[in-house]
Structure formats: structure tokens, C-alpha cells
Amino acid sequence: MATSFQSALQNLRETKVWKSIFRRGPANTNRTRSLAVFGNLFLHWMPVKVREKSLRVRASYYLGSISFILFVVLFVTGILLMFYYHPAAPNAYRDMKDLQFVVSNGVFLRNLHRLAAHLMVFAVFWHMFHVFYRGGYKPPHEFNWVVGVVLLLVTLFLSYTGYLLPWDQLAFWAVTVGTNIISAMPFIGSKIRFLLLGGNIVGENALLRFYVLHVVILPLVAFLLIGVHFWRVQKDGGLTVKPKDEDGKE
Amino acid sequence: MSDANSLSPAEMLPSAAAAKEVTRRDFLNEVTLGALGVAGLGSVAVTYQYFSPNVLFEPSTTFRAGNPDLCPVHSVTFLQDRQVYIVRMREGFYAVSAVCTHLGCITQWKPDSDMIACPCHGSKFKPDGIKIEGPAPRPLPHFAISLTPDGELLINKLEIIKLSQVLKV
């Protein structure tokens with residue numbers, strides 16, 4: 001069984017199609033394994049080698065990975081929710097209620113999206129604290145720390161713009177209060193509020209603007225910055241490992 | 001500059017000439033960057049215009065508020081759709097904004113305690129909009145109020161008037 005599977009795989013690797021996609025032979029040496037990582041768009045920003053110490057739970061508590069997995073969950077559930085949601089009054093509130101009570105498994109998806117969003121804010125903050133107390137912001141990681149801070153802000157903006165979309169009383173007053181905080185900014189505050197809401201009150205324009213920010217602009221920015229963030233982790237020499245961990249004593 | 005001045009003219013000439021010379025490449029680079037800068041600023045301006053709506057589907061800021069005789073003396077009437085209180089005291093009428101000056105929540109008239117209170121963060125105001133307690137930073141503004149030729153109250157929310165101005169009917 002195993003040998004027939006292996007020979008089938010071997011035959012597959014000999015085919016012209018496989019060779020045109022992967023270009024390299026089997027990854028059976030360190031060099032060819034490295035080349036397999038470098039030559040793959042989806043893997044090329046990953047390390048070809050990882051120190052065992054940086055894989056220990058204590059090294060990172062996998063907080064960055066958890067944040068990313070939550071982002072992927074939010075991405076997938078968000079796209080699914082978009083199939084039933086109209087970003088217009090009064091549809092928005094009814095669609096949200098339909099998702100809860102009418103659409104098959106809608107309440108599961110909505111709650112998955114909602115809870116993953118709460119958890120992501122929590123995980124991103126925890127990740128930041130962990131990196132801070134580990135000294136992970138120190139050279140050569142300064143630039144990646146700044147990228148991370150921007151990612152924290154993007155996470156919060158995503159959370160805030162998503163908060164308006166159910167179009168209920170909580171959403172309405174949260175955004176009324178929040179955008180009034182923006183208008184306290186000197187000189188340009190009320191202009192920014194007007195642009196953000198597309199008017200003077202939280203109305204149809206505000207709902208549509210927050211929707212576009214939530215489903216297009218902010219996710220694109222987050223995706224781009226996550227790419228830079230991951231790539232820089234490797235370029236800056238991997239995770240920060242405590243000297244104690246290096247000794248292996250802890 | 002002082003360094004250049006200390007040199008003899010003969011020493012200065014070649015380097016000054018080299019510094020002044022603008023190559024075709026430099027010139028084209030500057031012209032291109034300048035043109036891109038102008039186009040960039042222009043696109044920021046038109047994008048700003050695009051995102052500022054010219055027509056708003058919001059409640060009108062000038063509106064009629066009915067016959068003044070409908071409000072008894074010593075009364076506060078809340079117009080929910082307009083977010084305005086029509087207050088009638090012995091000295092006359094005034095229109096007080098119902099939007100809290102703290103963070104924009106809609107306040108409520110409490111007849112039992114004779115004050116306007118905000119449900120969000122606990123600001124309290126007298127019926128004429130004067131602040132009793134925070135966190136609101138300012139009193140509730142008064143809007144311009146007048147009578148139409150046929151004797152109805154007319155309120156203009158774009159015009160803020162002094163607290164001392166009242167409409168006598």
C-alpha cells in the first residue's frame with residue numbers, strides 16, 4: 001500500500017505538468033528542501049529553518065499565530081455573511097435578524113464572526129504585551145514593532161466599523177459617541193467626522209461608508225501589513241528568544 | 001557660502017560652474033516630479049470633493065413647530081424627529097437643542113425633577129439649557145425661533161442665538 005502510493009507519487013513527479021509547476025526534483029536534501037520553500041509563493045516568506053527554542057510554547061504562546069488564525073476565521077465568516085447582508089437602512093437590521101432566526105446556520109456564522117472579532121482584539125493586545133515584555137521591539141525588530149502597532153490600530157478600526165453594521169441601538173449610539181470624539185480634534189475634527197459619516201448624522205451614508213471600510217479597505221490594509229509583518233519576522237532573524245531559553249535551563 | 005568666498009576666484013570658478021550646470025536629465029527629472037506633485041495634489045483635492053456629499057437626505061434644519069398656543073406656559077415639549085425642546089416660560093418661547101453637548105446623545109426631559117438629563121454619561125441641564133452638572137462642556141444651545149406670517153412657530157437650527165433672547169407671543 002505504502003510502496004504503491006510512493007511509486008504513484010514518484011510517477012506524478014515525473015510528469016511534465018508537475019515539473020512545470022514545481023520545477024525542482026524531490027525535496028530530499030536540505031538544499032532542495034530550502035529551494036522548495038523559496039520557490040513557492042505561499043511559503044517563500046516562511047523560514048527554511050526554525051530554531052527549536054522558538055517553537056516552544058513559552059517563546060511566543062503562539063499569540064501572533066492565534067491572531068492570524070482569528071483573522072482568517074473572520075475573513076471567511078465575513079464573506080459568508082456578506083451573501084445575506086444589505087448595507088442599507090432598514091435592510092441592515094432585518095438582515096442581521098434574519099441571519100439570527102431565519103437563515104440556516106446563520107446564527108452560528110454571525111456569532112463566530114462576532115466572537116472571533118472580540119477574541120482577535122484580545123489576542124492582538126496580548127500578543128503586543130508579550131512582545132513588549134520580551135523586548136521584541138528592540139533592534140533589529142523596531143520596524144516590525146511599528147508595523148505591529150499599525151496592525152493593532154487596523155484591528156481596532158475593523159472592530160469599530162463592524163460594530164455599526166448590525167444597525168441596532170447599540171451600534172447607532174456607539175458610532176454617534178465615537179464620531180463625536182473625532183470632532184473634538186482641533187480644527188479638522190468636524191470635517192473628518194463629516195467625511196467619515198458622509199453627513200452630519202449617523203445615517204444611510206455612514207452605514208455604507210463603514211461597510212466599505214469594513215469589508216474592503218481595512219481588510220486589504222490588514223492583509224498587506226500582515227504579509228510585511230510575517231516577512232520581517234524572518235528577515236530580522238526569527239523570534240526573540242530569551243537568553244535563559246538559549247541556555248536551555250529556563 | 002563663506003567657504004566659497006575665502007577661495008580665490010580662479011579656484012572658485014570651475015566648481016561653481018559645475019554646481020550651476022543643470023543637465024537635461026536633472027531638468028526633466030524636476031519637471032516630471034513637479035508635474036506629478038501638482039497632479040497628486042489635484043487628485044487629493046478632487047477626492048476630498050468626491051467624498052463630501054452635496055445633497056444630504058437628513059431632516060431639514062428649518063421647520064415649523066406648530067401653533068404656539070398648543071404649548072402651555074411653564075412647559076417643555078420634546079420634538080423627537082427634530083431633536084429640539086420647545087420651552088415656554090412666562091417670559092416667552094425658546095428652542096433648546098436636545099443633543100447633549102458632551103458626545104451627542106439625545107437628552108430627556110424629566111418633568112418630576114424639572115431638568116433635562118442625558119442617559120449616556122449623566123449630564124444634567126436646566127430647562128433653559130444651562131448646565132447643572134457635567135461631563136457636558138457647554139450649555140445646550142438655543143436655536144433661532146420666530147413666528148411665520150400665519151402665526152406658527154418657526155425654528156432654524158443653523159442659527160444659534162443667545163440664551164437671553166426669547167420669543168414673546
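Entry 1. I began with A:W167, which touches A:A89, A:A92, A:Y93, A:M96 and A:L207, leaving aside residues up to four places away in sequence. Two residues are in contact here if their C-beta atoms, placed from the backbone, lie within 7 Å.

I noted the conventions at this point. The model is predicted, so that local features need pLDDT of at least 70 and side-chain atom pairs count only at pLDDT 80 or more, while totals for chains, interfaces and linings use all residues. Residues are numbered from 1 along each chain as its sequence is written, and chains are lettered from A and ligands numbered from 1 in the order in which they are written.

**Entry 2. The cores.** I then looked up the largest nonpolar core, which has 18 residues; A:W167 is among those that touch the most other members, together with A:A92, A:L164, A:L165, A:A206, A:L207 and A:F210. A nonpolar core is a set of buried Ala, Val, Leu, Ile, Met, Phe, Trp, Tyr and Cys residues joined through C-beta atoms within 7 Å. A residue is buried if 20 or more other C-beta atoms lie within 10 Å of its own, exposed if 12 or fewer, and partly exposed in between, with C-beta atoms placed from the backbone.

Which elements give two or more residues to this core? I found α6 (91–101), α9, α10 (189–197) and α11 of chain A. The most comes from α11(A), with 5 residues. I also recorded a second, separate core of 17 residues, including B:V84, B:I86, B:V87 and B:L140.

**Entry 3. Chain A as a whole.** I counted 12 helices and 0 strands in chain A. Helices (H or I, at least four residues) and strands (E, at least two) are DSSP runs, numbered from the N terminus. The radius of gyration of chain A is 23 Å, well over the 18 Å that the globule rule gives for 250 residues, so chain A is more spread out than a compact globule. That radius is taken over C-alpha atoms, and the globule rule is 2.2 Å times the number of residues to the power 0.38.

The C-alpha trace of chain A spans about 65 × 45 × 30 Å along its principal axes. I noted that 24% of its 250 residues count as buried. Of the contacts in chain A between residues at least 6 apart in sequence, 66% join residues at least 24 apart.

Entry 4. I checked the length of α8(A) (residues 142–164): at 1.5 Å a residue its 23 residues should span 33 Å, and its end C-alpha atoms are 34 Å apart, which agrees. The expected span is 1.5 Å times one less than the number of residues. Buried residues of α8(A) include A:N144, A:G148, A:L151 and A:L158. Their cover includes α7 (106–133), α9 (169–182) and α11 (204–235) of chain A. A:L153, also in α8(A), is partly exposed, with 13 other C-beta atoms within 10 Å.

For α1(A) (residues 2–14), the 13 residues should span 18 Å, and the end C-alpha atoms are 18 Å apart, which agrees. Is α1(A) buried or in the open? The number of its residues that are buried is 0, so α1(A) lies largely in the open.

**Entry 5. Where the chains meet.** I found 14 residues of chain A in contact with 10 residues of chain B. On the chain A side, α9, α10 and α11 each supply at least two residues, and α9(A) gives the most, with 5 residues.

**Entry 6. The sheet of chain B.** I looked up an open sheet of 6 strands with antiparallel pairing, in the order β1-β10-β9-β4-β3-β2 (chain B). Strands pair if DSSP finds at least two bridges between them. The edge strands, β1 (62–64) and β2 (75–79) of chain B, each pair on one side only.
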